[in-house]
Amino acid sequence: MDANTASVVSTNIRGKIGIITICNQKKRNALSKAVLDGICLALSEFERSRVTVAVLRAEAGSQVWSAGHDISELPLHTDPLGFFDPLEAALRAVQNFPGPVLAMVEGTVWGGACDLAFTCDILIGEPGSSFAITPVKLGLPYNASGIMHFINRVGLNIAKEMFFTADPIKAERALNLGILNHLVPKPELESFTLAMAERMASHSALSISVIKEQFRLLTNAHAITPESFEMIQGMRRKVYLSHDYAEGIKAFMEKRAPVFEGN
Ligand code: LCV
């Protein structure tokens, strides 16, 4: 990891368990390219080091697990969530890591960080955890793979509510909806998460890796015609080239409410 990445992501290996900590609190752990590259590099390092279970967390005491994509790095006039973009690469790195990735969620989760947490295999939260997906606040066209992550995690109705309202889902409801696997008191969050990681690490990593890959293939298996794919891309292009998207980013940077005109 280069100095820039290492300044916002730290890693720690304890036997077969690898811990990735996002430490960018001054920007509320926003997912900058450096953070996202750090997550990818950490997972690659874990694989080389024969780590079989990963934990993704923020620093202890964080009020915000992650504020989502670093808005200052969102590109204008091009797809902001392209296949090779840092967030998408990190989401695939989590899915392709050959072992469970546990999201240890302390604090609130926003936007692309919600997609990142939902892409993890297990989510463990504390009473201050909440989850919000927020493209409509920026006028941003989320992408099909990301929408599928939400449908797979919470089902169609709740996924639509999350996307159309951008409202945070708080911890208790997140547990009831199956977003959280477990909701534990904040002081127990780390010990509970690491104990589960230890149990997973004590089992056959080979068996787990093949079962995890089958989960990925089965949940991603949605036939879509080339024409439908091209229609999705065309619709999304209209949005990311729109006034609304440019206005959404500008408003955030100017710390004011956006004025969307629907074009
Ligand atoms: C850059 C930030 C950010 C940030 N980027 O602290 O979902 S999608 O499709 O939209 C996707 C593209 C995506 O993920 O977009 C980002 C979605 N995220 C959000 O909408 C959350 C934006 N952030 C917030 O609402 C607040 O920052 C929360 C509620 C997370 C925390 O509020 P709090 O009052 O504790 P501040 O807002 O004062 O933020 C502290 C510093 O972090 C920066 C923010 O600009 C501020 O910087 P300055 O100190 O330089 O003013 N920051 C926060 N989030 N996503 N920068």
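Start by selecting residues 17-22, strand S2, together with residues 53-58, strand S3: they pair in the parallel sense over six bridges. Strands here are DSSP runs of E with at least two residues, helices are runs of H or I with at least four, and both are numbered from the N terminus. Two strands count as paired if DSSP finds at least two bridges between them. Now click on Ile22, and you will find Ala58 of S3 opposite.

A word about what is on your screen: this is a predicted model, in which local features need pLDDT of at least 70 and side-chain atom pairs count only at pLDDT 80 or more, while totals for chains, interfaces and linings use all residues. Residues are numbered from 1 along each chain as its sequence is written, and side-chain values use heavy atoms, leaving out hydrogens and water.

**The whole sheet**

Next, show the strands S1-S2-S3-S5-S7-S10, which in that order make an open sheet of six strands with mixed pairing. S1 (9-14) and S10 are at the edges with a single partner strand each, so one side of each has no neighbour in the sheet.

Move to S7, residues 122-125.

Now look at the partners of S7. Strand S5 (residues 101-105) runs parallel to S7, joined by four bridges, and Leu102 stands opposite Ile122. Strand S10 (residues 182-183) also runs parallel to S7, with two bridges, and here Gly125 faces Leu183.

**A helix across the sheet**

Axes are lines fitted to C-alpha atoms, for helices over the stretch in contact, and angles run from 0 to 180 degrees between N-to-C directions.

**Around Thr119**

Select Thr119, which lies in helix H4. Is Thr119 buried or exposed? Thr119 is buried, with a relative accessible area of 9%. Leaving aside residues up to four places away in sequence, Thr119 touches Leu91, Val94, Gln95 and His149; contact means heavy atoms within 4.5 Å.

Leu91, Val94 and Gln95 are among the buried residues of helix H3 (residues 86-96). The buried residues of H3 pack against helix H2 (33-48), S5, helix H4 (112-119), H6 and helix H10 (205-219).

**Two helix pairs to compare**

Display H4 with H6: their axes come within 10 Å and cross at roughly 55°. H4 and H6 are therefore oblique to each other (under 35 degrees is roughly parallel, over 145 roughly antiparallel, 65 to 115 roughly perpendicular, and the rest oblique). In H4, Cys114, Asp115, Ala117, Phe118 and Thr119 meet Gly146, His149, Phe150, Arg153 and Val154 of H6.

Finish with H6 (residues 144-154) and H7 (residues 156-165), packed at an angle of about 130° with their axes 7 Å apart. To see the contact, select Ile147, Phe150, Ile151 and Val154 of H6 and Leu156, Ile158, Ala159, Met162 and Phe163 of H7.

Key
Buried < 20%, exposed > 50% of the residue type's maximum accessible area, 1.4 Å probe, protein only.
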